[in-house]
Amino acid sequence: MPRDGTTVEKIKSLGKNKSKESFDLLLDYFDNYNLKLDLRREVVSSIGRQDDNERVFNFIKHQAFNSKNPMELIYQMFRTCLYKGKMDKNFYELGEKIRLHYHNEILDKMADYFTYRQNKTKRKKCEITLKPTLLIGDAEKTLKKLPAKSIQMTFTSPPYYNAREYSDYHSYKDYLKKMGAIFKAVNRVLEDGRFFIINISPVITKRPGREFESIRYPIHYDYHKILEEAGFYFIDEIIWIKPEPSVPNRIGGYLQTREPLSYKPNCITESIMIYRKKCNFLLDKNIKDYKKYDRHEDEEIDTNNCWYIAPKSNKNHPAVFPDELCRRILKYYSFENDAILDPFAGSGTLGRVAKSMNRIPIMCELNEKYADLINKGEKGYYDVRR
Ligand SMILES: C[S@@+](CC[C@H](N)C(=O)[O-])C[C@H]1O[C@@H](n2cnc3c(N)ncnc32)[C@H](O)[C@@H]1O
């Protein structure tokens, strides 16, 4: 029975050896329950590399349904079934049995990924270079003017449901439906694997009278579902924290009465939801598309997901991004020369900051007045389209 001094390298070299003696030794290792899990997983992987398919098959058939074995080992056995199943029907069927038996999402993902790898054609880096563009009109329609997969990052702050002068939807359901349609349009133009980042926070609708309760909508929770349906998956949430004096006062009533249940804290946070366009490859592939880029060597880095940034006001627009928020998002989620989209441009803050950081801004804005201000501010920089 092998004891101390076992290393991943030793196990790997047994895996490469493929002799009967190596196989025997690997089985001994597997039976050693004192061995650390990552080493036992390597043992299963090395057993899977052996040429004696009958022995490999019997090992998996016996061990894959043994409840003493942790799932990490079962996944490795399943992987062997996927690979050997290409040539050998028995392995394919055994893999299907494992999948049915455990019926879990990870096994399904492994099978999907394997199929994708088998059928994949070489993924091409986007070769389209867009000009700085201002699209005036409803983003759901104007985004159709952009080629598919021509954008490398999208950051936006959507219109808040009934919270500001510019939003007007029949119902909250209608609002979500419209946002979902625009998110699908964003998905089409975004390159595979790149980020869609949304700044949002709960909103409140005004009550028609004192006898009614005002309704507060947790928009970001509902956004998750429509983002998934639009072809994105969740990566992170960054909490934007503002100084307390800068936010509306909700705590005043409670501080006067100190009555239980009437507590309403001042909301000093907004959510920055980070999503990635669904694809079957890891982020490394997106990074490898760039031959030359600057690492964030000498800069200050935000090491946690709470960002303290003061809000900004603008005399021409009721809800603008602070430049600093755009700067950090652009720094962490895009490269120089990337095309950066804001489908709800407002006063065009993201475009202005993106330009200053050598990115190519693509802005959409429905409101002619705001679009006009963006255009005038940048004096002919944008290719304006309707
Ligand atoms: C929250 S503001 C964005 C503010 C922006 N982040 C800034 O820094 O100025 C949302 C903007 O979306 C615009 N908008 C609303 N519905 C739209 C639509 N369907 N298509 C394009 N823009 C839209 C509104 O006119 C508004 O200016």
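In this briefing, a residue is called buried when its relative accessible area is under 20%, exposed when that value is over 50%, and partly exposed in between, with a 1.4 Å probe and only protein chains considered. By that scale lysine 18, at 38% relative accessibility, counts as partly exposed. The structure is a predicted model, in which local features need pLDDT of at least 70 and side-chain atom pairs count only at pLDDT 80 or more, while totals for chains, interfaces and linings use all residues. Residues are numbered from 1 along each chain as its sequence is written, and side-chain values use heavy atoms, with hydrogens and water left out.

**Domains**

- The domain assignment of the chain, which comes from an automatic or database source, gives domain 1 as 8-119 and domain 2 as 133-286 + 303-385.
- The centres of domain 1 and domain 2, taken over C-alpha atoms, are separated by 45 Å.

**Salt bridges**

- The structure holds 23 salt bridges, a salt bridge being a side-chain nitrogen of Lys or Arg within 4 Å of a carboxyl oxygen of Asp or Glu.
- One of these salt bridges joins lysine 18 to aspartate 51, with the closest N and O atoms 4.0 Å apart. Lysine 18 lies in the loop between helix 1 (8-17) and helix 2 (20-31), and aspartate 51 in the loop between helix 3 (37-48) and helix 4 (53-63), so the pair ties together parts that are 33 residues apart in sequence. Aspartate 51 counts as exposed because its relative accessibility is 56%.
- Helices (H or I, at least four residues) and strands (E, at least two) are DSSP runs, numbered from the N terminus.
- Glutamate 96 and arginine 99 meet through their side chains in a salt bridge of 3.7 Å, N to O. Because they are 3 residues apart in helix 6 (residues 89-102), about one helical turn separates glutamate 96 from arginine 99. Glutamate 96 is partly exposed at 30% relative accessibility, and arginine 99 is partly exposed at 25%.
- A salt bridge of 3.3 Å, N to O, is formed by the side chains of lysine 277 and aspartate 192. This pair links distant parts of the chain, with lysine 277 in strand 7 and aspartate 192 in strand 3 (residues 190-200), 85 residues apart. Lysine 277 is buried, with a relative accessible area of 6%, and aspartate 192 is buried as well, with a relative accessible area of 17%.
- A network of salt bridges links Asp302, Glu324, Arg327 and Arg328.

**Surface patches**

- Patches are made of residues with over 30% relative accessible area and no salt bridge, where like charges are joined within 9 Å and nonpolar side chains (Val, Leu, Ile, Met, Phe, Trp, Tyr) within 5 Å. Accessible areas come from the Shrake-Rupley method with a 1.4 Å probe, and for residues only the protein chains shown count as cover.
- Arg117, Lys120, Lys285 and Lys288 form a positive surface patch. Lys and Arg count as positive and Asp and Glu as negative, with His and the chain ends not counted, and the place of a charge is taken as NZ of Lys, CZ of Arg, CG of Asp or CD of Glu.
- A nonpolar patch on the surface is formed by Leu283, Ile287 and Tyr293, which together have about 220 Å² of accessible area. Leucine 283 lies in helix 12 and is partly exposed, with a relative accessible area of 35%.

**Backbone with positive phi**

- Most residues other than glycine have a negative phi, and most peptide bonds are trans.
- Leucine 261, although not a glycine, has a positive phi of about 80°; leucine 261 is found in the loop between helix 11 (252-257) and strand 7 (269-277), and counts as exposed at 90% relative accessibility.
- Asparagine 337, also not a glycine, has a positive phi of about 70°; asparagine 337 is placed in the loop between helix 13 (323-333) and strand 9 (339-342), and counts as exposed at 56% relative accessibility.

**Buried positions and contacts across the sequence**

- Leucine 134, in strand 1 (residues 133-136), counts as buried at 0% relative accessibility. Leucine 134 and glycine 351 are 217 residues apart in sequence, and their C-alpha atoms are 9.4 Å apart in space.
- Tyrosine 223, in helix 10 (residues 219-229), counts as buried at 0% relative accessibility. The C-alpha atoms of tyrosine 223 and isoleucine 198 are separated by 9.4 Å, with the two residues 25 residues apart along the chain.
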